[in-house]
Amino acid sequence: MTRDAHVVPAHLVRELRADLAVISDIVTARITHDDDGYDGAALDHHELATVVTDNLASMVDSIAGEPYSLEPARRTGRLKAERGISLDSLLHAFRVAGLAFWEIIVERADRDDGPALPRLSTVVWATVDEYSVAAADAYRRIVGAGDEQPVQRLLRALFDPELSPTRREGLRARMRMPERGTFVILVGDLRLVATGVTTVRTTLADDRVTLAAADSRTALSDALDSVRSRAGASKPFTALAAAPAALDQARLAFRCLSPADIGIHHYASAPARALVAAQPGLAADVLADLLSAFDRLHPADADALVRTALAWFELAGSTSAVGERLHLHRNTVLHRLKRIERLTGATFAVPADAAVLYLALQARLLRVPRDGR
């Protein structure tokens, strides 16, 4: 991005750039002194100083009328959302930084720069506002809309893979999670209420995320079995350092749910679906010919063939068992399987063909679009 050229003394711009490290230290110190929202937050002094320096460097470009980027502000918003710092603290930090930055500019201005300061003040504060808005927008994209409790911010901070063990332990204690136990991450709009199970919920981007913990894996498993809401679950884990990876697992597990599924889908419980859900665009492209064979049919006809083929796979290729499950004559089952072979060119008796056909059926159940969105 670029701004219109402003009347900014060239010597002042050079000084700001030359002393950027010192200026960043001053601004960072002012932020931590004026805002107690960082107490116990999962953002250390070095990380805060880094984002301050990046934003100041870009702001100097902006007030000098040179090309600049709002990405440092957006990165700041994302980082603070992920680390559990409130939106109020984020915006307050930009206001404090803007005031400190302006005071430094005034201190370094020469007597001859006086006439330019009123206009420069307008430019600086317009820049601070622009960066604040960009940071807040990025923050909201991470946390979603609506009010939140401090414990929700703590849970989001827990998912940062760069979090130190000490800070992670501090977050666990503040969330009142058990020191020893079994944990699981769930993605989906559900409320898990069970004796002996502790939960914390938050929003990450468009996902409703729950951290659940119990003293034993059995107690946690029993609680999950009672859930009827659609949700994806990670593998159980015992160390909170695994939480970031578990979040990825739960998100993938949620994408493995078909529109007709209810309850919890556990990560890696259906490998074929996981492969399709992990690379939906690739799956749609690779399986396009097989999928189009069903798409050309009337939906009811296609669904009948898909149900028959899936039952055949689940029942180890027993046409009699498929007939019993679907209340069909065995000859009807055979007829449907032959139709599928003619439509797709795949043969159930050929293992390689059967494997690809099974993947195509799972992709169709998940309704993977051609563009992978």
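Which domains does the domain assignment of the protein give? In this predicted model, the assignment gives domain 1, which covers residues 10–147, domain 2, which covers residues 151–269, and domain 3, which covers residues 277–366. Between the C-alpha centres of domain 1 and domain 2 there is a distance of 35 Å.

When cavities of 30 Å³ or more are counted, the count comes to one, and the volume of the largest cavity is about 120 Å³. Its lining is made up of 13 residues, and those closest to the centre of the cavity are Ile31, Val52, Asn55, Phe94 and Ala97. Four helices, namely α2 (20–34), α3 (45–63), α4 (71–82) and α5 (87–108), each supply at least two residues of this lining, and the largest share, six residues, comes from α3.

The next feature to follow is an open sheet of five strands, whose order is β2-β3-β1-β4-β5 and whose pairing is mixed. Because β2 (197–204) and β5 (264–266) stand at the edges of the sheet, each with a single partner strand, one side of each is left without a neighbour in the sheet. On average, and with direction ignored, neighbouring strands of this sheet are turned by 25° against each other. Within the sheet, strand β1 (residues 182–187) and strand β4 (residues 231–233) run antiparallel and are joined by two bridges; Leu186 stands opposite Ala233, a residue in β4.

Helices also pack on this sheet. Helix α7, formed by residues 150–158, touches β2 and β3 (207–214), and the direction of α7 makes about 80° with that of β2. Helix α9, formed by residues 217–225, packs on the sheet as well, where α9 touches β1, β2, β3 and β5, and its direction makes about 25° with that of β1.

From the sheet the reader can turn to the open space of the model. How much space lies in the largest pocket? The volume comes to about 310 Å³, and the lining includes Ser258, Pro259, Ala260 and Asp261, together with Arg273, Asp303, Val306, Arg307, Leu310, Arg364, Leu365 and Arg367. The elements that give two or more residues to this lining are α14 (299–314) and α17 (351–365), and the largest share, four residues, comes from α14.

Technical notes: Residues are numbered from 1 along each chain as its sequence is written. This is a predicted model: local features need pLDDT of at least 70, side-chain atom pairs count only at pLDDT 80 or more; totals for chains, interfaces and linings use all residues. Side-chain values use heavy atoms; hydrogens and water are left out. On a 1 Å grid over the protein atoms alone, a cavity is a set of points where a 1.4 Å probe fits but cannot get out, and a pocket is an open set with protein on both sides within 12 Å along at least five of seven lines; lining residues have an atom within 4 Å of a point. Grid points are joined across faces, edges and corners, and a volume is the space filled by probe spheres set on the points. Domain bounds come from an automatic or database domain assignment. Two strands pair if DSSP finds at least two bridges between them. Axes are lines fitted to C-alpha atoms, for helices over the stretch in contact, and angles run from 0 to 180 degrees between N-to-C directions. Contact means heavy atoms within 4.5 Å.
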